[in-house]
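Here is a short tour of one protein chain, written for someone who likes cut-offs spelled out. Take a look at the structure first, then read on.

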Amino acid sequence: MTGLVEIFAGWPLAASMTAAAVAAQGLRAGRRRSALNEALHELRRPLQALALAGDRAAVPPRVLASSVELAGVALERLDREVNGGGAPTGPREAVRMRPLVEAATGRWQARARLSGGSLRLGWWAGEALVAGERAALAQAVDNLLVNAIEHGGPAVAIEARRQGSALRLVIADSGRASRPPSRRGTPGDTIARLSGRRRRGHGLAVVRRVAGEHGGRFVLRSSDCGSLAVLELPLANDRDDLVA
């Protein structure tokens, strides 16, 4: 009888341990699924840009090269997520941000035009250098631009200015109220499906992660009258190992 009492008394602890183990396993599976989805999302972006580029001769070589590089980085990360090892970490360098942002703007011009909109860049930040991972910074800018094009108004503008010791990138759109509604079966609906527009959340999550990893901050304000996304990144103190 004493043995049975001890066995029954131990059941709540055993059940709790089993539930905790199951919950932990589910959490790990959820994190891995999220990491895989993010890796797929970041691979789809440059591939979409390359597909929309059309006449390669009309696209600046820097834009094509950066798109191919981003696709390679994303493919490497996807491979590591599938086969083990986690996300790769690139070298931290003093990155020239103007060429990086210009390449991103050129990469998504065709996407903006396809939606009947426009994308323009205004640069008032001089030679802004940010210490960090170049591919991750490019991914963050890409996601901000595509988010504004796909979910905001047709007229999208990105402006870069110095804010103290930080680079401030502001991406503004003209608002969803100025965009005609699209229905299933229309060209707008086709664009939405091909672009992965309905798989929301990964792009802005990438921006938040990159901002945190680089000691910066990200703020988003959205409404039917227009959205405003602000990405601030600390400027680098040294000019060693510059990357164009």
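Let's begin with Arg111, which sits in helix 4 (residues 109–114); helices (H or I, at least four residues) and strands (E, at least two) are DSSP runs, numbered from the N terminus. This is a predicted model, in which local features need pLDDT of at least 70 and side-chain atom pairs count only at pLDDT 80 or more, while totals for chains, interfaces and linings use all residues. Residues are numbered from 1 along each chain as its sequence is written, and side-chain values use heavy atoms, with hydrogens and water left out.

**The chain overall**
- The protein chain holds seven helices and eight strands.
- Of its 244 residues, 41% count as buried; buried means under 20% relative accessible area, exposed over 50%, and partly exposed in between, with a 1.4 Å probe and protein chains only.
- Among contacts (heavy atoms within 4.5 Å) between residues at least 6 apart in sequence, 74% join residues at least 24 apart.

**Arg111**
- Arg111 counts as buried because its relative accessibility is 1%.
- The side chains of Arg111 and Ser115 are joined by a polar contact of 2.4 Å.
- A polar contact is a pair of N or O atoms within 3.5 Å; within protein, one must be able to donate a hydrogen and the other to accept it, and residues adjacent in sequence count only if both atoms are side-chain atoms.

- Helix 5 (residues 134–151) has 18 residues and reaches 26 Å from its first C-alpha to its last, close to the 26 Å expected at 1.5 Å a residue; the expected span is 1.5 Å times one less than the number of residues.

**How helix 2 packs**
- Two packed helices are described by the angle between their axes and the distance between the axes.
- Axes are lines fitted to C-alpha atoms, for helices over the stretch in contact, and angles run from 0 to 180 degrees between N-to-C directions.
- The axes of helix 2 (residues 61–83) and helix 5 come within 10 Å and cross at roughly 105 degrees, which means the two helices are roughly perpendicular; that label covers 65 to 115 degrees, with under 35 roughly parallel, over 145 roughly antiparallel and the rest oblique.
- Glu69, Leu70 and Val73 in helix 2 meet Arg134, Ala135, Ala138, Gln139 and Asp142 in helix 5.
- The residues of this contact divide into four nonpolar, one polar and three charged; Ala, Val, Leu, Ile, Met, Phe, Trp, Tyr, Cys and Pro count as nonpolar, Asp, Glu, Lys and Arg as charged, and the others, Gly among them, as polar.
- With helix 3, the axis of helix 2 comes within 9 Å and crosses at roughly 90 degrees, and this pair is therefore roughly perpendicular too.
- Here Arg62, Val63, Ser66, Ser67 and Leu70 in helix 2 meet Pro99, Ala103, Gly106 and Arg107 in helix 3, a set of four nonpolar, three polar and two charged residues.

- Arg209, in helix 7 (residues 202–213), counts as partly exposed at 29% relative accessibility.
- Leaving aside neighbours within four places in sequence, Arg209 is in contact with Glu38 and Arg77.
- Gly164 lies in the loop between strand 4 (155–163) and strand 5 (166–173) and is exposed, with a relative accessible area of 71%.
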